[in-house]
Amino acid sequence: MTTRAMFPETGCIFMGFILYMSGMKNWVYGQYGPMYPGVNSICALKGLSVDLPCSRKLTSNPKWYIRHSNNTDYVWKELYADGENTVYNLTEESNFTLRINNLSESDTKFYCCKENTDASYYCDSKRTELYVTDLQVKVIPTTENQTVTLMCSTSCALTETPAAYIWYKNREFLYEDWSPWYQELVHSEEGVTYSCAIKGYEDLRAPDVSVDSVSSTCFTVTYAKGRMCSYQQKSEDESCSITYPTEVYVIETPIGTSLKLSCNSSCLMVDPQTAYRWHWNKKIFTDCEKQDMMSFCSQSETVSCAVKGHEDLFSDEICTDNTFCWMVNYPSRRICTLEGSSVNISSDYYFNGWRNTPKKWHKIKRHGEVTDGGLTEDDNRVEKYDNMKDEHTLTIHELKKSDSGEYAFVFNIFEVWTPFHVPGVILLVTGLKVTMAPSAEVTEGQRVTLTCSTSCPLTDNNIYIWYLNGRRLTLPESPNKHLILDPVGFQHAGNYSCVVPTPQNISSSEENLTVNAREASVRIMNAVRLTLLSFLLPGAPLILCLWMRKKKSLTSTVAQTGQEMD
């Protein structure tokens, strides 16, 4: 009887790692060490062009190769330029560049430039990995009153840093900002759609997204089209409505000497075709997208899961065996906070190895670079607290926008820092800015909305205080970041600023609102001036009347002369 026949209900089977190397140290290096340090990774938007330079200087007769799958093996085959989408510039001055135009998903491959004299395995260590992505509005549930956050997302970290992100609501321009996160928490609202684009590439806008419903266990999203629909085994060119769980968790079920693992949730409306992502020992297990897996591993493992396309919906890690295990979980994986304030980033960890094993916080860059981000031990802005009960907190004071990034808590095991394939904590540091709609210059009687804007959505429990010309407005304190002037009048003109009351009292800069008079108001003001003038100078009305009659006569004469000249 085969293994799969024994467990017909289980979609995937994991046979485990074979530890043939001598000792655990070799296993750590083999699993997490940089096997190919010469590999270059590029992520670009679908529809654009990309240049792939050779990874090293070549002497003569270079050729480009592309990796193909040959059953269970990979082979490198020569790539031929077609003169349209694929163009060679094989000169030494251009570093033998390969240009690919009008990028599509099919261009996501491994590329290599080498000479005929190079060994066949040269490309394994000197390849260029090209990933092609499109924009997608990602919807992420929060713990704030059944709301979601929105993010202008790509499936890989773009190599070219975006100049700015542009947001649209109901296909109308809303605002642009450096952050990919939408500025406010979003409730479900019928008929309201959101989209985003990168400045300079507005024609590559993400498909429209609407939030249909949000509950404590589920949320439903409708996509006009795009890769999120393809994850549900549907066409990318068709619209789709998908119900997701707000959180997932791993359940273990022993079956004989094996272990069944299920990625479960409390949402009963999840589409049965939903695809999942599994992480084994902090690395993605790409061979399975099923909800259930069967493990035959005899060694200790850390396991976690997520909904494919929604890797932000990440479960806590679990240990399948306590022989040798380390795992890290985070109470909050996304934090939006104000510039100048303080923040606590917390982790819950478990490690049954040596008590004095080195551990620390890393700031991660997803292009492969790992840095402490200036968080040195002697930085007086930084505090690190370990309560010796498997909880560790990183506190950063006087936050700067440059502190924004992804933070992970890691161990040093056998002189190797544990990897960063599992998402850490996303920290976004934002300032405050007053924005005005429809504009900063309006006409009396219009409706004007002032917003205390941020580059990411603060929690609903923040209080906003408004100031006009340096004086606090007598408004009730509320979590409403909008100030509506309807109708706006001359008394509303001036310099506005907003404050979020914190121990640091974070404030925005002042923005000026100009209120112009309507045409009817101008006539009324002229009449008032004429009345006042008649009281001060009794003969003034007669003089004014004669002057206006003379002006009218002169204008008529000029008009007649002009007609005759024509």
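Author: Strand E23 is joined to strand E24 (residues 310-314) by 2 bridges, and the two run antiparallel. The model is a predicted one, in which local features need pLDDT of at least 70 and side-chain atom pairs count only at pLDDT 80 or more, while totals for chains, interfaces and linings use all residues. Residues are numbered from 1 along each chain as its sequence is written, and side-chain values use heavy atoms, with hydrogens and water left out.

Reader: What makes E23 and E24 a pair?

Author: Strands are DSSP runs of at least two residues (E), and helices runs of at least four (H or I), numbered from the N terminus; two strands pair if DSSP finds at least two bridges between them. E23 and E24 have 2 bridges, with Val307 facing His310 of E24 as its bridge partner. The two strands form a hairpin with 2 residues between them, and Gly309 in the turn has a positive phi of about 85°.

Reader: Which other strands pair with E23?

Author: Strand E20 (residues 276-280) is joined to E23 by 5 bridges in an antiparallel arrangement, and the partner of Tyr276 in E23 is Val307. Strand E25 (residues 318-319) is also antiparallel to E23, over 2 bridges, with Ile318 opposite Val303.

Reader: Why is E23 called largely enclosed?

Author: Buried means under 20% relative accessible area, exposed over 50%, and partly exposed in between (1.4 Å probe, protein chains only). In E23 (residues 302-307), 6 of the 6 residues are buried, so the strand is largely enclosed by the rest of the structure. Thr302, Ser304 and Ala306 point one way and Val303, Cys305 and Val307 the other, all of them buried. In a regular strand the side chains alternate between the two faces of the sheet.

Reader: How do you know that Lys308 and Glu289 form a salt bridge?

Author: The term requires a side-chain nitrogen of Lys or Arg within 4 Å of a carboxyl oxygen of Asp or Glu, and for Lys308 and Glu289 the N to O distance is 2.6 Å. Lys308 lies in the loop between E23 and E24 and Glu289 in the loop between strand E21 (283-285) and strand E22 (292-295), so the pair ties together parts 19 residues apart in sequence. Lys308, at 15%, is buried, whereas Glu289, at 32%, is partly exposed.

Reader: How many salt bridges does the whole structure hold?

Author: The search finds 9, including Arg381 with Asp403 at 2.9 Å, N to O; Arg381 and Asp403 are both buried.
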